[in-house]
Amino acid sequence: MTIGKKAFISELIEAAGGRSVTDDIAQEWPEMSLESIVSRQPEALLFIKGSKLTAEELKIRPVGNT
């Protein structure tokens, strides 16, 4: 699950001078694969505290597995 155009996190990113790579998705909380998100070439990834996916897990995760 990630953020869409109308999610409050998208608004926070915009207020900070950034742009979410998913701001073209009208749904607030769309479900997307990690590969789909990465293919949009984000400059950074934000993780929600307590998320099942962490930066540490991404470092050791084999390519192509979500």
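**Fold, surface and largest pocket of the chain**

The chain follows the pattern α-α-α when read along the sequence, and its secondary structure amounts to 3 helices and 0 strands, helices being DSSP runs of H or I of at least four residues and strands runs of E of at least two, numbered from the N terminus. The model is predicted, so that local features need pLDDT of at least 70 and side-chain atom pairs count only at pLDDT 80 or more, while totals for chains, interfaces and linings use all residues. Residues are numbered from 1 along each chain as its sequence is written, and side-chain values use heavy atoms, with hydrogens and water left out.

Along its principal axes, the C-alpha trace of the chain spans about 35 × 20 × 20 Å. Of the 66 residues in the chain, 20% are buried (under 20% relative accessible area, with a 1.4 Å probe and protein chains only). Among contacts (heavy atoms within 4.5 Å) with a separation of 6 or more, 38% are between residues 24 or more positions apart.

The largest pocket holds about 940 Å³ of space, a volume being the space filled by probe spheres set on grid points that are joined across faces, edges and corners. The closest to the centre of this pocket, among the 27 residues that line it, are M1, T2, I37, L45 and L46; here a pocket is an open set of points on a 1 Å grid over the protein atoms alone, where a 1.4 Å probe fits, with protein on both sides within 12 Å along at least five of seven lines, and lining residues have an atom within 4 Å of a point. Both α1 (8-15) and α2 (34-38) supply at least two residues each of the lining.

Technical notes. Buried means under 20% relative accessible area, exposed over 50%, partly exposed in between (1.4 Å probe, protein chains only).
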